[in-house]
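Me: I'd like to learn how to read a model like this one, feature by feature. Could you walk me through it?

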Amino acid sequence: MQNKLKGWIVPNSVTKDPNDKILILDAAGNVGLEQVYKEMREEDTGLRQETLVHVVSLYERIIARFLMNGYNVNTGLFYAVPRFIGPVEDGQWNPAKNDIYVAFTQNRVLREEIRNTKVEILGEKADTIYI
């Protein structure tokens with residue numbers, strides 16, 4: 001699959017400068033695991049669907065388990081680090097005020113794909129609300 005991202009030029013909403021423009025992604029759609037499995041099968045892996053599902057599910061469980069036991073995880077695709085958020089009061093964890101967050105950073109595999117990705121600018125987007 002050729003890498004190509006498309007984007008629209010829009011005003012930068014965090015500045016008042018009318019000449020300050022940013023690019024927002026023209027999303028190609030959403031992909032779930034079924035589409036991932038389909039693409040994997042098309043690579044002619046020789047693996048059955050149930051084998052692919054098992055391996056991906058196992059991978060997800062193991063990565064999540066490492067993260068929730070305090071490990072930083074480096075998969076080559078991403079680097080993930082568990083973090084705590086919220087104020088700690090009286091030295092106690094309070095699920096109503098505290099939470100666990102996992103920060104993901106792109107890693108080697110994604111950086112290589114980024115280098116091999118073409119960006120197509122579609123022009124100026126009509127006035128719409130975006131975040």
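Reply: A nonpolar core is a set of buried Ala, Val, Leu, Ile, Met, Phe, Trp, Tyr and Cys residues joined through side-chain atoms within 4.5 Å. Buried here means under 20% relative accessible area. Keep in mind that this is a predicted model.

Me: Which residues make up the largest nonpolar core?

Reply: The general idea goes like this: in soluble globular proteins, nonpolar side chains tend to be buried together. In this chain, the largest such core has six residues: Ile63, Leu67, Val73, Phe78, Ala80 and Val102. Helix H2 (49–67) and strand S4 (78–85) are the elements that give two or more residues to this core.

Me: What is Val102 in contact with, leaving aside its neighbours within four places in sequence?

Reply: On those terms, Val102 is in contact with Leu67, Met68, Ala80, Val81 and Pro82. Leu67 and Ala80 are also members of the core along with Val102.

Me: Let's zoom out. How many helices and strands does the chain have?

Reply: Count the elements, then read their order. There are three helices and six strands, and along the sequence they follow the pattern β-β-α-α-β-β-β-α-β. The radius of gyration is 20 Å, well over the 14 Å that the globule rule gives for 131 residues, so the chain is more spread out than a compact globule.

Me: What other numbers go with that overall picture?

Reply: Taken along the principal axes, the C-alpha atoms fill a box of roughly 55 × 50 × 25 Å. Buried residues make up 15% of the 131 residues. The accessible surface comes to about 10700 Å², and 55% of it belongs to carbon and sulfur atoms.

Me: Now a single residue. Where is Asp90 found, and is it buried or exposed?

Reply: Asp90 is found in the loop between S4 and strand S5 (99–106). Its relative accessible area is 76%, so Asp90 is exposed. Phi of Asp90 is near 55°, a positive value in a residue other than glycine.

Me: And Glu120: which strand does it lie in?

Reply: Glu120 lies in strand S6 (residues 118–124). With a relative accessible area of 25%, Glu120 is partly exposed. Leaving aside neighbours within four places in sequence, Glu120 is in contact with Lys4, Leu5, Lys6 and Gly7. The C-alpha atoms of Glu120 and Lys38, by contrast, are separated by 27 Å.

Notes:
Residues are numbered from 1 along each chain as its sequence is written. This is a predicted model: local features need pLDDT of at least 70, side-chain atom pairs count only at pLDDT 80 or more; totals for chains, interfaces and linings use all residues. Side-chain values use heavy atoms; hydrogens and water are left out. Buried means under 20% relative accessible area, exposed over 50%, partly exposed in between (1.4 Å probe, protein chains only). Helices (H or I, at least four residues) and strands (E, at least two) are DSSP runs, numbered from the N terminus. Contact means heavy atoms within 4.5 Å. The radius of gyration is taken over C-alpha atoms; the globule rule is 2.2 Å times the number of residues to the power 0.38. Accessible areas come from the Shrake-Rupley method with a 1.4 Å probe; for residues, only the protein chains shown count as cover.
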